[in-house]
Amino acid sequence: RDFTAFASLLVSKSNGWMAFITAVLSVVCAASGFSWLNSRKKVDFYHSLPIRREKIFIVNYINGILIMAVPYMVFLAIACGIAASQGISPAIFIEAAEGWGYFMVYYLMLYSTVAIAVIMTGNLIVGLLGTCFFFFYGHLVLLLSEGYFGTWFYTFCDDGMFFDKVRYVSPFIDFCVGESVSAGFFA
């Protein structure tokens with residue numbers, strides 16, 4: 001019974017450690033995949049290749065997605081196979097597929113946000129600061145607006161109107177506040 005619960009938590013979308021790995025890997029893959037934009041020599045080399053720039057971008061972008069998607073799918077199938085060999089219901093494959101889809105959707109959102117930040121800047125440090133800006137800017141604006149309304153408008157009733165919407169302004173905040181991940185991570 002304990003093994004069944006552990007295996008179910010391990011492959012489901014409630015796995016907090018997988019959420020942490022997804023968030024970290026999205027930043028690492030996007031920052032390293034587009035790091036060639038930070039060096040003039042590398043940019044000159046890539047732009048001198050007889051390949052259109054759109055194809056270079058698409059190949060780098062899809063490569064960053066496949067680096068996460070394929071190994072995660074393979075090891076998830078292996079984990080489900082081990083669980084099934086121990087007598088756990090084959091329904092664990094469905095739960096694993098739901099978890100894989102959940103984490104991949106958030107990986108795509110986080111990876112795309114970091115890729116945009118790295119592409120827009122010309123330096124790794126500035127790109128990571130731009131990532132933090134994209135991850136937390138909407139959150140801070142909404143909280144600041146709520147603070148200003150509470151300070152300057154005497155008729156303002158703080159009913160959590162802004163706080164309920166905060167999770168939808170950033171993929172990172174939405175991922176961290178998500179019911180399934182936070183329930184599995186803090187349980």
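1. Contact here means heavy atoms within 4.5 Å, and on that basis Tyr72 touches Met18, Gly99, Trp100, Phe103 and Met104, leaving aside residues up to four places away in sequence. This is a predicted model, in which local features need pLDDT of at least 70 and side-chain atom pairs count only at pLDDT 80 or more, while totals for chains, interfaces and linings use all residues. Residues are numbered from 1 along each chain as its sequence is written, and side-chain values use heavy atoms, with hydrogens and water left out.

2. Tyr72 also belongs to the largest nonpolar core, where Tyr72, Ile92, Phe103, Met104, Tyr111 and Phe175 touch the most other members among 34 residues. Such a core is a set of buried Ala, Val, Leu, Ile, Met, Phe, Trp, Tyr and Cys residues joined through side-chain atoms within 4.5 Å, buried meaning under 20% relative accessible area with a 1.4 Å probe, protein chains only. Helix H5 gives the most to this core, with 12 residues.

3. Tyr111 deserves a separate look. Its relative accessibility is 0%, so Tyr111 counts as buried. The rings of Tyr61 and Tyr111 lie 5.2 Å apart at their centres with planes at 45 degrees, so this pair is tilted; rings of Phe, Tyr and Trp (its six-membered ring) pair if their centres lie within 6.5 Å, and planes under 30 degrees apart count as stacked, over 60 as edge-to-face and the rest as tilted. Tyr61 in helix H4 and Tyr111 in helix H5 are 50 residues apart, helices being DSSP runs (H or I) of at least four residues, numbered from the N terminus.

Key:
Buried < 20%, exposed > 50% of the residue type's maximum accessible area, 1.4 Å probe, protein only. Helix = DSSP H or I, 4+ residues; strand = E, 2+ residues; numbered from the N terminus.
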